[in-house]
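User: I am new to this structure and would like to learn how to read its features one at a time. Could we take each general idea and then look at the case here?

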Amino acid sequence: MKRASRRLLGAAAAAVDLAVRRTALSRTSGQKNADALRHEVRIALLHRLQDRYRRLGAPDHFFREPRVITPMEDVRVSQPLRVVDVHWPSDYQCFLPELQHEYDRFEENRMATARLVLHEEPRPVLILIHGYLGGAHRMERRIWPISFFRRLGMDLALFVLPFHGSRSAGGFGELPPFPGADPRMTNEGFRQAMADFQDFVGWLLGRGHPHVGVMGMSLGGYSTALAATVEPRLSFAIPVIPLASIPAVARLNGHLGSNEEEAETQYRALVGVHKVVSPLHRPPAIPSKSILIVGAERDQITPIEHARHLAHHFGCRLETMHGGHLMQFGRNARFRSIGRFLTELGVAPGNAGHSLLG
């Protein structure tokens, strides 16, 4: 009976994911942009871009060194818990100089930001990274089990990716340029995300937090996996229902070529272009035992293969829930597993057996 119920719930979760994905595809411009270029022209441009990255020193020198930052602090709540918004200039300089003018048009994106949920004294801190079109703090506090992690004795930080949340120039529902149809902007967005993230990690450590780790969902899961290859100061990394490959998603959504042969050729060319920001093409910067991947068996937006590929690449544990990307059936059990994982690592000082609802 339980197995049949799980199958029914999984089918429902998959149907919801597919419906949302089709709706999203009807609003995106990726297919239109892909069709605007002949296959041969698109391949030539992608190969030229890959060669330009190589000549500029990527991938070895793609990500910049962390900076010391002094964020502005805005105390939102002081009792019974302390909630503080922090902001600091991103001061981002594009790896491809020709993109700087376009990048600088987005004034809101020049300020990096995060929301902290703190105990009185610095505790181990968990940085949470949102998914695509996320980043609004009020929404993120409902998506993540904040109370559960606080009962584990953790401080929390809601980190905002470039062009999302308060860093977005558009109104509700307007699509950001990152990630998007232009692979150059997608790569620059991940590069900026890692620059802001590493600056933030350094500030948290300097503030006295004994451990800093990261967990993200979907696009945030990709960013978490990438951070695990960039930032050696992390105590742990937990990608949840992660995206693992930009080209794989483009192929899944029908954005590549007009037939199977063209799609495969464009896929391989995109893999070459996105290698500079691909966690699957970079060695981990932290031990495999400090990484845990969580995937959803019926996920139709970032299918379970993404989580499996990341787990295989990092040589780490993979846990699954029986739901999908949006209807995350089995989510509570997996977050309890995450709590036990953090306790076993010696990071979470509290009780990993806590109920998410307690």
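User: How much space lies in the second largest pocket, and which residues are the closest to its centre?

Analyst: Rolling a probe the size of a water molecule over the atoms shows where empty space is left. In this predicted model, the second largest pocket holds about 270 Å³ of space. Its lining is made of 19 residues, and those closest to the centre are Ser245, Ala248, Tyr267, His306 and His309.

User: Which helices each supply at least two residues of that lining, and how does the lining divide by class?

Analyst: At least two lining residues come from each of H9, helix H10 (260–274) and helix H11 (304–314), and the largest share, five residues, is supplied by H9. Sorted by class, the lining of this second largest pocket has 10 nonpolar, six polar and three charged residues.

User: Next I would like to read a strand. Are the residues of strand E4 buried or exposed?

Analyst: In a regular strand the side chains alternate between the two faces of the sheet. For strand E4 (residues 125–129), five of its five residues are buried, and the strand is mostly covered. Val125, Ile127 and Ile129 lie on one side, Leu126 and Leu128 on the other, and both faces of E4 are covered.

User: Which strands pair with E4, and in what sense?

Analyst: E4 pairs with E5 in the parallel sense over five bridges, and the residue opposite Ile127 in E5 is Ala157. The pairing of E4 with E6 is also in the parallel sense, over five bridges, and here Val125 has Val212 of E6 as its bridge partner.

User: How should I read the length of helix H12, and which of its residues are buried?

Analyst: Helix H12 (residues 331–344) has 14 residues and reaches 20 Å from its first C-alpha to its last, which is close to the 20 Å expected at 1.5 Å a residue. Its buried residues are Arg331, Arg334, Phe335, Ser337, Ile338, Gly339, Phe341 and Leu342, and what covers them includes helix H5 (137–143), helix H6 (146–151), E6, E7, strand E8 (292–296) and strand E9 (317–321). Just after H12 comes Gly346, with a positive phi of about 80 degrees.

User: Which residues other than glycine have a positive phi, and where do they lie?

Analyst: Most residues other than glycine have a negative phi, and most peptide bonds are trans. Among the exceptions is Ser218, which is not a glycine and yet has a positive phi of about 60 degrees; Ser218 is placed in the loop between strand E6 (212–217) and helix H8 (219–230), and is buried with a relative accessible area of 13%. Another is Ile241, whose phi is near 35 degrees; Ile241 belongs to the loop between strand E7 (236–240) and helix H9 (246–252), and is buried with a relative accessible area of 2%.

User: Which residues are joined by a cis peptide bond?

Analyst: Ala58 and Pro59 are joined by a cis peptide bond with omega of about 5 degrees, and Pro59 sits in the loop between helix H3 (39–55) and strand E1 (72–77). The bond from Phe178 to Pro179 is cis as well, with omega near -15 degrees, and the loop that holds Pro179 runs between strand E5 (155–159) and helix H7 (183–206).

Definitions and conventions. Residues numbered from 1 in each chain as written. Predicted model: local features only at pLDDT ≥ 70, side-chain atom pairs only at ≥ 80, totals over all residues. Heavy atoms only, no water. Helix = DSSP H or I, 4+ residues; strand = E, 2+ residues; numbered from the N terminus. Buried < 20%, exposed > 50% of the residue type's maximum accessible area, 1.4 Å probe, protein only. Expected span 1.5 Å × (residues − 1). Contact = heavy atoms within 4.5 Å. 1 Å grid on protein atoms, 1.4 Å probe; cavity = no way out; pocket = protein on both sides within 12 Å on 5 of 7 lines; lining within 4 Å. Points joined across faces, edges and corners; volume = space filled by probe spheres on them. Nonpolar A, V, L, I, M, F, W, Y, C, P; charged D, E, K, R; others polar. Pairing = 2+ DSSP bridges.
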